[in-house]
Structures are given as structure tokens and as C-alpha cells.
Amino acid sequence: MIEVRNLVKKYGDHAAVDDLTFTVEQGQIYGFLGPNGAGKSTTMNIITGCLAATSGEVRIDGHDIFKEPRAAKALIGYLPEQPPLYPDMTPREYLDFVAQVKGVGKKQQRAEAVLSVMEKTGIVDVQDRLIKNLSKGYKQRVGLAQAILGDPQVIILDEPTVGLDPAQIVEIRGVIKSLAEDHTVIFSSHILSEVSEICSRILIISGGKLVAEDTPEALESRFVSAPVLYATVKGDPDSIESALRSVEGVTDVELSAAKEDGTTDVTVQCASGAEVLEAISLALLQNGCLLLRMEEGRASLEDVFMELIAQEPAPQAPQDTDATPEFDADALLNGTVESAYAQHSPFDSPTEPDEEAPAAEDSPVNDTTETIDDAQEGGEADDSDL
């Protein structure tokens, strides 16, 4: 459904997106993860046609977003990080306007479509209040409603649960899950547990590059260096340790202090690939210990995320991009506005300009200056001279 090939976006010498390639299959929810500055929002803006790429290719259901923008954008619903709302409209008015822009049928069909998305996002009760008077959470819901309005095939959501309370987050998660039945969804979030719960596949980028793509379960299992077991056992601590260390495949045993009820929490390190669950249960039983609980430890998505981004160098911000260019007043009087900044702009091209700036004697600004000088020498200038 979505194909991204060798995508690059540069700001001066800084690559915000660096040779990014991935494919999003139809009917899936993809989680898009990365640290701040990794290029997530930039990539989403390019995929939706809101931002031009330096190079590369993006196709939406076969349509090139750069060469066939109307056809490609007609398939996309997008909720950016800042919802695109008109504060002096009500949610119903705003969504009706969006429906008209998207070409959602005639008046009755539009009204039905607007009501449907308001019900899905839980904003029916505030449909006639001005958007500027709504809470941040409700504004986020209105933004989500406009994204899914018109039943687009591809829905791209950048931090859709920001500003919502816990109950609202659960509701919106349910909405997003339901969208996967008929849509392809790309979902960006900093809440890793949320991504793990909602998404069928996860893309992780760092420094503008793709560093991992897989299911949440596969990513978690990939980064478990060796099996770890956590158990609660009732019995003598020395007997517990002796029994566990006698099991082939167990490499280390760590016991916590015994509790008042006679139980001890135990951490058991095992060799990779070792099948020890049954042997541990039997060894404890033979040593007069009662196994009350045992579970396998696994890497969390947070562990995976931190390990992956630690492998990538931190993205370097472009130098001097926030500095205000030095202003050359003489250049403005004797040429163009662009020439006043040209030699100091951090983004200016290394190539020579195609045309030279107008000569000083032809500049209308210079003519006006001469007229003022003449007026100062010969008396007060007439309005027509200026």
C-alpha cells in the first residue's frame, strides 16, 4: 500500500531523513518509533505530500506522491502533530467543511459521514461548541475525526493520543484498532506500551535511518541475550539454591532474602536454548521445596528501543541554522532584498546566481534616495517627485 524508496530530506548539510526504505502492507497498523529529532514527523510529512523530499520515491497504492499528488493524497487521511483546526468554527461546521474539500458526496451523505466520525471519536456532545473553547483532548479528537473522514485507505497519525486523559486514550486506541479492519494505518507515539499493544508491526528510525522493522514480539525476542526465569519458591534457601544449581543449563542463581511466610524470590540465568522448566520443577520437588510461581523474563519494547538507538550516533543539528543572517543595508539600497542577505545565509546555494543584481543607477530605491537628496538641497520636494 505504501512504498518508500531511498528517501532523503536535507536541510543544508544536515540529513533529517537519510536513505530511508520500507514498505507498509495493506490492513496493518504500523508503529513508527524514534527519539526526538529522528525524522519521524519529517517522514510523515513527505509521505502525505506536505513536504518535498530532496530525493527518493513515495508511492501510495501505486501513485507517486510527487508526480500524481491529487490521486495519491485522495487516498490519505492525516493527523499531524498539531491538528489543523479552525478555532472559530464548531466541530460540526469544521468537519462539514473538510467533507466538502474531500468531495464526500452530497449534503445528506456529508451529514451522515460527519455524524459517523463524530460518534467514533466521541465528540457528538461538543459538536456545536467553538473549537477554540474545547480542551486539548477534544481538539485532538476533532483532528482525528477529520483524518478518518471520507474513509481514506491510508491513515497516518502523528501522536494521536497526546493530551488525552487515560479513559480517552483507551477509547482512541479502540478506534485506531478498528481502523485496521478496512484501512492501512501508520501510527507514531512516544508511549512504547501503547505502540506494542496497538501495532502489528513496528518501524524504528534513528538519525534519519531505519534501524529495525518487525513485529513487537519478534523485536522483543531478538534482544533477549539469554533466557532468564523468575520464580517464587517455598523452602530452605540453601536447599533451593542447591537444587537449582544442580540443573544442567542453569548458569547462575540469585536469591532474595527469605520472607516471613517462608518463600524466597529467585532469579535463574540459563544458557541460550536450554529447556530447563521441567528439570527445575523436578529438582526443587526432590529437595523438599515447593515451586509457587515461575515465569520467563523477556526484553520489553523499551529495552529494544533503547538498545537500537544507542547503536546509532546522535543526529547532528545543522550548524547556524537558527542564527539570524547578517543584514547588509548598502546591498539593499544598491540592489535587491535577496542580495542584502545573500553572502550570509546558512542555506544559500554554492552555485553562482543566474542573473546579476540591478545596477545601482537603475534601482528604484536609489532613485527615491536621490530625489530626497535633491529636495533637501533645493527645497521641499513635491509629492509627485516622490
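Modeller: Happy to! A disulfide here is a pair of cysteine sulfur atoms within 2.5 Å. By that rule the count is zero disulfides. This is a predicted model, where local features need pLDDT of at least 70 and side-chain atom pairs pLDDT 80 or more, while totals for chains, interfaces and linings use all residues. Residues are numbered from 1 along each chain, and side-chain values use heavy atoms, without hydrogens or water.

Biologist: Is Cys50 buried or exposed?

Modeller: Cys50 is exposed, at 53% relative accessible area. Cys289 is buried, at 4%. Buried means under 20%, exposed over 50%, and partly exposed in between, with a 1.4 Å probe and protein chains only.

Biologist: New topic: how many residues of H5 are buried?

Modeller: Ten of the 13, so H5 is largely enclosed by the rest of the structure. Among them are Gly137, Gln140 and Arg141. Helices are DSSP runs of H or I with at least four residues, strands runs of E with at least two, numbered from the N terminus.

Biologist: And what covers those buried residues?

Modeller: The cover includes strands S6 and S7 and helices H3, H4 and H6. Contact means heavy atoms within 4.5 Å.

Biologist: Which residues have the most contacts inside the largest nonpolar core?

Modeller: Ile29, Leu95, Leu149, Leu157, Ile176, Val185 and Phe187, in a core of 41 residues. Its largest share, five residues, comes from H5. Such a core is a set of buried Ala, Val, Leu, Ile, Met, Phe, Trp, Tyr and Cys residues joined through side-chain atoms within 4.5 Å.
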